[in-house]
Amino acid sequence: MAANGTARTNGASDKVFLIWGGEGWVAGHLKELLQQQHEKVFTTTVRMENRESVIAELERVKPTHVLNCAGCTGRPNVDWCEDNKEQVIRSNVIGTLNLTDCCFLKNIHCTVFATGCIYAYDSKHPPGGEGYLEADPANFGGSYYSATKSKVEELMTTYSNCLILRLRMPVSDDLHPRSFVTKISKYDRVVNIPNSNTILHDLLPCAILLASAGDTGIYNFTNPGAISHNEVLTLFKKHVRPDFEWQNFSEQEQSKILKAGRSNCELNSDKLAKRMKDFGVEVKDVHTAYDECFQRMKANGVK
């Protein structure tokens with residue numbers, strides 16, 4: 001297994017970023033950030049599993065850094081993956097490994113936007129207790145999506161050019177359909193369980209810093225701490241939609257309407273916070289990050 005550290009790029013003096021999954025939600029945010037930083041950035045929608053096409057795209061763009069935002073999460077949610085397992089394997093396993101391998105062969109740094117939904121609370125890691133570390137083995141396979149993600153992550157750590165960022169329940173400063181806040185605000189009922197979350201406004205700039213520095217290995221890519229669904233919606237009501245109301249139900253009741261299980265856990269993000277201090281960046285705790293996110297929403301007229 002490759003140790004955490006840094007990887008060489010292909011020797012070019014100027015960075016060139018190529019975003020895979022270029023029409024996606026997170027990819028769009030990354031492209032905008034890189035353009036604001038006056039970096040050279042390209043996007044692609046080439047299928048990751050098509051090796052000849054991947055190689056051709058890498059040779060055409062000649063990137064120093066690939067940012068892999070592609071993959072299959074299912075529509076409208078991960079339940080879709082339970083009935084489309086071959087497509088999930090083709091994208092999330094074969095495709096992800098193929099792109100990483102092609103980058104390795106061409107000495108290109110590859111950042112994979114992965115998931116932290118590979119854990120579940122247990123006796124050693126209860127709600128409010130110790131969070132999962134990067135080196136902890138995955139213990140959640142309640143959905144086919146999560147099962148494939150944990151397996152491919154283990155294989156990707158072999159590659160010395162690969163940076164793996166574990167996002168959880170990502171949130172943007174708008175009400176994009178893929179944002180965690182948008183999803184739970186539209187549910188008839190929600191569970192009330194503390195979880196790690198990724199506030200994109202805070203953390204995507206960190207991804208660019210890590211990739212640019214050539215960091216490799218795994219990072220729990222979440223704001224420090226955990227926040228419950230009710231806490232999120234209370235802040236949403238306070239800042240964005242004062243008349244918003246919601247109801248709760250139990251995990252047992254939720255399981256009756258879902259085809260696949262859902263991961264609930266807290267990730268320990270100390271490693272990320274410590275590394276960001278090297279860049280003079282403070283990673284805000286999840287409660288503060290959410291409060292500021294909703295304040296930005298309000299200021300931008302989001303309702």
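**A strand and its neighbours**

Modeller: In this predicted model, strand β4, which covers residues 65–68, pairs with strand β5 in the parallel sense, and four bridges link the two. Within that pairing, H65 stands opposite H109 of β5.

One of the residues involved is C110, whose bridge partner in β6 is C162. To pass from β5 to β6, the chain runs through helix α4, residues 144–156, and this β-α-β crossover is right-handed.

The strand itself comprises residues 109–115 and is mostly covered, with seven of its seven residues buried. Cover is found on both faces: H109, T111, F113 and T115 lie on one side, while C110, V112 and A114 lie on the other, and all of them are buried.

In general terms, a disulfide is a covalent bond between the sulfur atoms of two cysteines. The count for this model comes to zero disulfides. C110 is accordingly in none; the nearest cysteine sulfur, that of C103, is 4.3 Å away, whereas the cut-off for a disulfide is 2.5 Å. The relative accessible area of C110 is 0%, so this residue counts as buried. Elsewhere in the chain, C265 is likewise in no disulfide, and the nearest cysteine sulfur to it, that of C117, is 6.5 Å away. C265 is also buried, with a relative accessible area of 0%.

The strand may now be set within the whole. The chain contains 10 helices and nine strands. Its radius of gyration is 19 Å, close to the 19 Å that the globule rule gives for 303 residues, so the chain is as compact as a globular protein of that length. Along the principal axes, the C-alpha trace spans about 55 × 40 × 35 Å. Of the 303 residues, 53% are buried, and the seven residues of β5 are among them. Among contacts between residues at least 6 apart in sequence, 80% join residues at least 24 apart. The chain exposes about 13,900 Å², of which carbon and sulfur atoms supply 50%.

Conventions
Residues are numbered from 1 along each chain as its sequence is written. This is a predicted model: local features need pLDDT of at least 70, side-chain atom pairs count only at pLDDT 80 or more; totals for chains, interfaces and linings use all residues. Side-chain values use heavy atoms; hydrogens and water are left out. Buried means under 20% relative accessible area, exposed over 50%, partly exposed in between (1.4 Å probe, protein chains only). Two strands pair if DSSP finds at least two bridges between them. A crossover is right-handed if, with the strands pointing away from the viewer, the path from the first strand over the helix to the second runs clockwise. The radius of gyration is taken over C-alpha atoms; the globule rule is 2.2 Å times the number of residues to the power 0.38. Contact means heavy atoms within 4.5 Å. Accessible areas come from the Shrake-Rupley method with a 1.4 Å probe; for residues, only the protein chains shown count as cover.
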